[in-house]
Amino acid sequence: MPTAIAVTSADLVLPAPDRHTPGAALLHPPEQHDLEAALAGTSALLERHGHVVALVPPWLPRPTVQRLHTVRAILETDRIALLDIDLPPLGTALLARQLRQLSVCDFSPGVIASAARLLSHYIFAGALLGSVAKLDRVRVPVGLGAHARSWSPSAQFAVLAHPTPHLAKLGPAGGGSRGRGGRSGRGGSHGASHGSHAGSHGSHGAAADLPAGPDFATHLTFARGQLTSDWVAAELAPAWQVQGVLENPLPAASAAWWGTPKLVEFAAGIPDLSVLYQLVASVRREQCRWCGLELIGDRCGFCAAPLTAPPPSEAVPASTGRSRP
């Protein structure tokens, strides 16, 4: 059986892109399952799949994170990877689906776990927001002017949180103002032509303030909150030249993460399994010096040990600050 890819909420499980991609395992939070049920469920997963790779984003409630670590500690197993992945909710769901795709390939559990950090760099996650008043806490800089405009009932903002923060005020109909485009290269002419086509809808020049998109082939997934807008599918997707668009229900954690329920969240990523496979396979594999599993990158996904040992520290007496002779 392939390595189990686990999430902590059913709304983080995106539809499988093909019949070969397995579903995700669900590790229930404490309010849904008691500790005994959690231990039994995780033990069954290990028995069936051998290893479990779970995504643990920083926006999870503290009791949920504590439960995951408690279960791993009680089971005394090194076959559960708890991965700290800092992506918005829909981006987290997209990464989980990519790992599910890779789980059926000939990669070892250690490579799959450490591949999560690599793949996250290729996910573009953002949202169309009706307010940015509480956006600072997700590390997207918001100026005083944007904060002031958030009080306008018709205000809309295009925000990219990952991989590079970007914030732009859009026009009344969700279109951008005129100016320098946010996408260079192959996306420029396509976005401009779409902006002209959309002029009759009051969003001429919509590509002007778009966040810069990926320069590789992607599919775009979006989810609507309490914001009525087709901007993501009608403006952003053509400007980014995505190969496909999928609408999905909004994850329950999205409104809190973005600081407002008035949003349309989106995430773009590589959809093709062959591309994902080549991306991971092209990275040199190493052996973890602590647990012995294969890994790519600079840290093991299962035991979190760095690839290379830290340099030995000098013994410095705290009272004098003098180095050892």
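Trainee: How many residues does helix 3 have, and how far does helix 3 reach from its first C-alpha to its last?

Mentor: This is a predicted model. In it, helix 3 has 14 residues and reaches 20 Å from the first C-alpha to the last. At 1.5 Å a residue, 20 Å is also what is expected.

Trainee: Is helix 3 mostly covered or mostly exposed?

Mentor: Mostly covered, as 14 of the 14 residues in helix 3 are buried.

Trainee: At what angle do helix 3 and helix 4 pack?

Mentor: About 135 degrees, and their axes are 10 Å apart. Helix 3 covers residues 89-102 and helix 4 covers residues 109-120.

Trainee: Switching to helix 1. What span should helix 1 have?

Mentor: Helix 1 has 15 residues, 35-49, so at 1.5 Å a residue the span should be 21 Å. The end C-alpha atoms are 21 Å apart, which agrees.

Trainee: Which residues of helix 1 are buried?

Mentor: Ala-38, Leu-39, Thr-42, Leu-45, Leu-46 and His-49. They cover an arc of only 130 degrees around the axis, so they are on the same side of helix 1.

Trainee: And what is exposed on the other side of helix 1?

Mentor: Glu-36 and Glu-47 are exposed there.

Trainee: How do helix 1 and helix 2 pack, then?

Mentor: At an angle of about 65 degrees, with the axes 10 Å apart. Helix 1 passes helix 2 in a right-handed crossing. On the helix 1 side, the contact is made by Leu-35, Ala-38, Leu-39, Thr-42, Ser-43 and Leu-46. On the helix 2 side, it is made by Arg-67, Thr-70, Val-71, Ile-74 and Leu-75.

Trainee: Which residue follows helix 1?

Mentor: Gly-50, and its phi is positive, near 90 degrees.

Trainee: Back to strand 2. Which residue of interest lies in strand 2?

Mentor: Leu-26 lies in strand 2. Leu-26 counts as partly exposed, because its relative accessible area is 32%.

Trainee: What does Leu-26 touch?

Mentor: Leaving out residues up to four places away in sequence, Leu-26 touches Val-7, Thr-8, Ser-9 and Ala-10. From Leu-26 to Ala-10 the C-alpha distance is 6.7 Å, and the two are 16 residues apart in sequence.

Trainee: Where is Ala-252?

Mentor: In the loop between strand 9 (244-247) and helix 8 (254-258). Ala-252 counts as exposed because its relative accessibility is 66%. The C-alpha atoms of Ala-252 and Ala-10 are separated by 9.7 Å, although these residues are 242 residues apart along the chain.

Trainee: Now the whole chain. How many helices and strands does the chain have?

Mentor: The chain has 9 helices and 12 strands. Of its 325 residues, 48% are buried.

Trainee: What share of the contacts with a separation of 6 or more comes from residues 24 or more positions apart?

Mentor: Such residues account for 75% of those contacts.

Note on methods
Residues are numbered from 1 along each chain as its sequence is written. This is a predicted model: local features need pLDDT of at least 70, side-chain atom pairs count only at pLDDT 80 or more; totals for chains, interfaces and linings use all residues. Side-chain values use heavy atoms; hydrogens and water are left out. Helices (H or I, at least four residues) and strands (E, at least two) are DSSP runs, numbered from the N terminus. The expected span of a helix is 1.5 Å times one less than its number of residues. Buried means under 20% relative accessible area, exposed over 50%, partly exposed in between (1.4 Å probe, protein chains only). The arc is that of the directions from the helix axis to the C-beta atoms. Axes are lines fitted to C-alpha atoms, for helices over the stretch in contact, and angles run from 0 to 180 degrees between N-to-C directions. Contact means heavy atoms within 4.5 Å. A crossing is left-handed if the near helix is turned anticlockwise from the far one by less than a right angle, and right-handed if clockwise.
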